Amino acid sequence: MKKIFSVIAATVFSISLLAGCSAGGSAPTKFVIAYLPQEHDEKGQKINKDFETKLSEKLGIPVESYKATSYNAAIEAMKNGKADYALFGPFSYIVAAERAKVEPIAEMTLPSMADKPASIIIVPKDSPIQSVADLKGKTFGFVDPVSTTGHLLPKATMVKELGITPEELENGFFKDIQFAGGHDKAVLGVLRGQYDAAGTASIMPAMLEGKGVIEKDSYRVIAASESLPGTAIGIRSDLPQEIKDKVKEFLLSYNDPEFFQNIGGSPDAKFIEANDKNYDKLRETAKMLNLSPEDLLAN
């Protein structure tokens, strides 16, 4: 009888352990970061390694990393449990959330750009063009087919304001559409008369002014997009809640200007609270522009 009770007790204990482990996923023995393709010199690699070491101390398990070949590769790795964490642009995050059940653990943002338009449409200061409607029959310059702030958002802004389809905008509204190949080239193309108007990142004209490349007040803004959510820090949703809580706590308290300069392009960038709903407007934009997942991953 004692043996039977011992077997029952052991079985109940085992079931309890399994139930505890399954709540939010089993405890991982390591945490894997997938970095997206970008140039990292020796100093940048050292900065990333320091970040990983500190995160490892917070989690109490080793933190490893590798460079994914693309956004799609990082998403597949997270879907298959081979990566736990990655930084995604706003559009690629939408695909990651849908395909791999990735959730945003934090958002990297630049405070100076919070709630400001992500992209603008500009014309020369003395242009007779006053509105998007005045662009009919004119020459327009986008930055690049896969540019978010230099193509997709300016296009979406015009589609909304004009009440037409993307196809109607591209086929028949303009006299000609050209791709400049860079945000700076799009701005200069407008000021040099190559295009009647162009779409670009909202910060670009001021940056060119600061460098003395263009004169102050040499252009006018006739339309602007909504603001963009920041870079989404995605984490596997099936990880234990304790791990996710520790990663979030670590990120929100992380303060290293060199790290943010290296990975975010500005020492003033920082991690803030994130919410999946912050990306709903981009989902609407993608639907309006008939963008496929492959289109979104290219941005």
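This is a predicted model: local features need pLDDT of at least 70, side-chain atom pairs count only at pLDDT 80 or more; totals for chains, interfaces and linings use all residues.
The chain has an average pLDDT of 88, and 91% of the residues reach at least 70. Residues 1-23 have a pLDDT below 50, and this stretch makes one contact in the model beyond near neighbours in sequence.

Five strands make up an open sheet of mixed pairing, and their order across it is β7-β6-β8-β5-β9. The edges are taken by β7 (176-179) and β9; each has a single partner strand, so one side of each has no neighbour in the sheet. From one strand to the next, the twist averages 30 degrees. In general, the strands of a sheet pair through backbone hydrogen bonds, in either a parallel or an antiparallel manner. One of the residues involved is Gly-141, whose bridge partner in β7 is Gln-178.

Helix α7 (residues 183-191) lies across β5 (119-124), β8 (197-201) and β9. Its direction makes an angle of about 150 degrees with β8.

Helix α6 (residues 166-173) has Pro-166, Leu-169 and Phe-173 as its buried residues. These three are on the same side of α6, because the arc they cover around the axis is only 105 degrees. What do the buried residues of α6 pack against? Their partners are the edge strand β7 together with helices α5 (148-162) and α11 (280-288). Asn-171 and Gly-172 are exposed, and they sit on the face of α6 turned away from its buried side.

Lys-101 is not a glycine, yet its phi is positive, at about 55 degrees. Lys-101 belongs to the loop that lies between α4 (90-100) and β4 (102-109). Its relative accessibility is 60%, so Lys-101 counts as exposed.

Asp-217 is also not a glycine, and it has a positive phi of about 60 degrees. The loop that holds Asp-217 runs between α8 (204-210) and β9 (219-224), and β9 is one of the edge strands of the sheet described above. Is Asp-217 buried or exposed? With a relative accessibility of 53%, Asp-217 counts as exposed, the cut-off being over 50%.

Conventions: Residues are numbered from 1 along each chain as its sequence is written. Side-chain values use heavy atoms; hydrogens and water are left out. pLDDT is the predictor's confidence in each residue, from 0 to 100. Contact means heavy atoms within 4.5 Å. Helices (H or I, at least four residues) and strands (E, at least two) are DSSP runs, numbered from the N terminus. Buried means under 20% relative accessible area, exposed over 50%, partly exposed in between (1.4 Å probe, protein chains only). Two strands pair if DSSP finds at least two bridges between them. Axes are lines fitted to C-alpha atoms, for helices over the stretch in contact, and angles run from 0 to 180 degrees between N-to-C directions. The arc is that of the directions from the helix axis to the C-beta atoms.
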